[in-house]
Every structure is written in C-alpha cells, then in structure tokens.
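Me: Could you walk me through this one step by step? I'd like the general idea each time, and then the case at hand.

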Amino acid sequence: RIPIIIDVDTGTDDAICITAALLHQDQLDIKAFTSVCGNVTLDKTSQNTRNVVSYLGSDLPVAKGAEKPLEHELTVAKSHGNTGLGDVVLPASPHGFLEEPAWEVIYRHALSEKGQLQLLAVGPLTNLAMAITRHPDIVPLIRKITIMGGGIWGGNMTMTSEFNIYNDPDAAKIVFDSGIEMTMIGLDVTLKPKLPDWVVDEAAAVKTPYGDLVSRIFDFMKRRKIEIGGDEPNLHDVIALASIVRPDLITTKDFYMTVETEGTVTRGMTIADFHCVEEKAPNVHAAVDIDIEGFWRWFVDMLKSSSR
Ligand code: BDR
Ligand code: CA
C-alpha cells in the first residue's frame, strides 16, 4: 500500500475525492488528511473534512493547516456554497483534530516512512510549501507529490490561472521548484469529464453513506448549474486521486514548469517550457489526456463496491 497524506480544502469535489480515497484503502495507506484554506475559510474546510471522514465511518486523523496563503489574500470559491459543501449538512464529527499543524504531520510521516511517503494535494499548496520551507530535509524523503492544480493551457479563475494555484502562487512555486517528483493533474484533463446523467443515477442507487454523500453533492452541483449556468459539473480533485490508483486512465507528458507569482494578468499561471529554452530537466509529469469513459466506469464501480 502507498503511504499517503491527502491535503484538501473541502469543498464539494474534495469531499468526493475523500470518498474515493477511503474506498481505495486496499491500495492507499492513508496516514492523515490535512486541511488548508481555499474553497472556503480554514475553519470550514477543516470541519467539513472531519465531518466527511466520520460520516463515511472512518476515524483517520485530520490536521488543520494554513489559515491564509503565504503572501496573497485568499479568494474563496462561490461555486461550493457558503459552507463549502453546497447545501449538504452532515452530522458533527465526534472526533477533534490533531494538535500538530498540517506541515508538522507531513514532516513526521515523511521521516517515519523513510522516502516512501506520497502527498496528494487538491487545494492551494500552502501546507506543502510550509513543510518544505520549515524542513528542507524533507525533499528527498517525499516519494512523489500529485496535485490537482494549474494546467498547461488556460485558467478557470483568470484567463491564465487555475483556482488552487492562483490562490497561493508563492506556495506553488516552492513546490514546483522543490525538486520533488511531481504529477500535475490540471485543467487540461479535469475539465474533460462532464458529469453524465447515468453516473448521477448510478450514484443515487448506492444505498450506503458513500453513495448518499456523493449523490447529495451531485444534486447540489446539478442544481447550481441550473441556477447560475455554466458547464456540467467537473470532479477535478477526484481525477487527481484516480491518477494514483488508476494511472492507466491518465496520459502525462514531461515538462520543465514553473509558476508566475505576480503578473498583471498572469498571477498563478503554470508555465511549461515547450521548446526547452531554459535547458532544464523536466520537473513535472503534466496530465494531458484522460480516458473519460474509463474514468466514469471506475468511479461507478468504486461507489458500488461500498455496498459489498
Ligand atoms: C479546484 O478548485 C476548487 O474549487 C476545486 O476543489 C478544485 O480543487 C479546481 O480549479
Ligand atoms: Ca479542492
């Protein structure tokens, strides 16, 4: 099993990512979930994470992380509603939080896993950057980082930038420049699978807490689309999780990449050196394509497995 820490800003698609992670514990040895400010404020992302994990019957630890980005002000995402979980209200978890902050939990497990720990980060990268700057000796101890964030082309927050990277570009730059092996699951692939009706129906038929939670979030996403318009819902963070447990679904291409931290129009842009002008070795496996049908099949089969 892969020892892993999952860093989230829960968040509707983050909640489904947690669901998918908990249903893959045969492959993933989840050491902890860590929360970061992003879709909503830290108090909400933390409590949402704690409540989701408990609702799904797990007592895995949750640690709180950064309350604000390193340098910039946080811009929360309207699309996840005021609480971050849309209109889904879960029972309050009976469990509290670890006392250590997220970056210390990450460092502690990096030490004890002796080079095997992986990190999956599906919110702004503040906690990971804190772990790297406070404990530079962590770099050779992390086996790999997978992020949902950025993209080679285009943005969803601005013309050039994706939400997670836009919110903490300084943290993202620290992570991209760290030398740790990294896979970027960006908008190039996460915008491709649009939630189909047959998946909504299959989820509704799964009568377990897993099916119930996912289906309530899908209802919110569908309603939000009718109310505020826009595209079919996307499951960004879930695709990053899928890339770890089903790497065959995702095609990647290696690039040297870095991050624009300021910029008048390009703050948070992730830039790929297509023509090797920097003459630097690639530091990112960037996702460029996804088997859409295979992804939805994997997703539905996984949810169904919760009733077996
Ligand atoms: C990312 O932004 C958040 O709103 C989602 O949870 C996802 O991590 C997509 O840009
Ligand atoms: Ca997220």
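**Reading the model**

Me: Before we go on, what am I looking at, and how are things numbered?
Reply: This is a predicted model, where local features need pLDDT of at least 70 and side-chain atom pairs count only at pLDDT 80 or more, while totals for chains, interfaces and linings use all residues. Residues are numbered from 1 along each chain as its sequence is written, and chains are lettered from A and ligands numbered from 1 in the order in which they are written.

Me: What pLDDT does the chain average?
Reply: pLDDT is the predictor's confidence in each residue, from 0 to 100. Where it is low, the predicted coordinates should not be read in detail. This chain averages 97, and 100% of the residues score at least 70. The model also scores ipTM 0.99 and pTM 0.98.

Me: Which residues is Val 175 in contact with?
Reply: Contact means that the C-beta atoms of two residues, placed from the backbone, lie within 7 Å. Setting aside neighbours within four places in sequence, Val 175 touches Leu 125, Leu 128, Ala 129, Ile 132 and Ile 145. Val 175 is also one of the buried residues of helix H6, together with Pro 169, Ala 171, Ala 172, Lys 173, Ile 174 and Phe 176.

Me: Why is helix H6 called largely enclosed?
Reply: Because 7 of the 8 residues in H6 (residues 169-176) are buried, the rest of the structure largely encloses this helix. Its buried residues pack against helix H4 (126-134), strand S5 (142-148), H5, strand S8 (257-259) and strand S10 (284-290).

Me: How many residues surround ligand 1?
Reply: A residue is near a molecule if its C-beta atom, placed from the backbone, lies within 6 Å of it. For ligand 1 there are 14, the closest being Gly 11, Asp 13, Ala 77, Phe 163 and His 236. Helix H1 (12-22), helix H5 (163-167) and helix H10 (236-245) are the elements that give two or more residues to this shell. By type, the shell divides into 4 nonpolar, 6 polar and 4 charged. Ala, Val, Leu, Ile, Met, Phe, Trp, Tyr, Cys and Pro count as nonpolar, Asp, Glu, Lys and Arg as charged, and the others, Gly among them, as polar.

Me: What about the backbone: which peptide bond is cis?
Reply: In general, most residues other than glycine have a negative phi, and most peptide bonds are trans. The bond from Thr 10 to Gly 11 is cis, with omega near -10 degrees. Gly 11 sits in the loop between strand S1 (2-8) and H1.

Me: And where is Lys 114, and is it buried or exposed?
Reply: Lys 114 is in the loop between H3 and strand S4 (117-121), and its phi is near 50 degrees, a positive value in a residue other than glycine. Lys 114 counts as exposed because it has 10 other C-beta atoms within 10 Å. Glu 279 has a positive phi too, near 55 degrees. Glu 279 lies in the loop between strand S9 (270-272) and S10, and is exposed, with 7 C-beta neighbours inside 10 Å.

Me: Is Gly 186 buried or exposed?
Reply: Gly 186 is buried, since 30 other C-beta atoms lie within 10 Å. Look for Gly 186 in the loop between strand S6 (182-185) and helix H7 (187-190). Gly 186 and Gly 149 are 37 residues apart in sequence, yet 4.9 Å apart in space, C-alpha to C-alpha.

Notes
Helices (H or I, at least four residues) and strands (E, at least two) are DSSP runs, numbered from the N terminus. A residue is buried if 20 or more other C-beta atoms lie within 10 Å of its own, exposed if 12 or fewer, and partly exposed in between; C-beta atoms are placed from the backbone.
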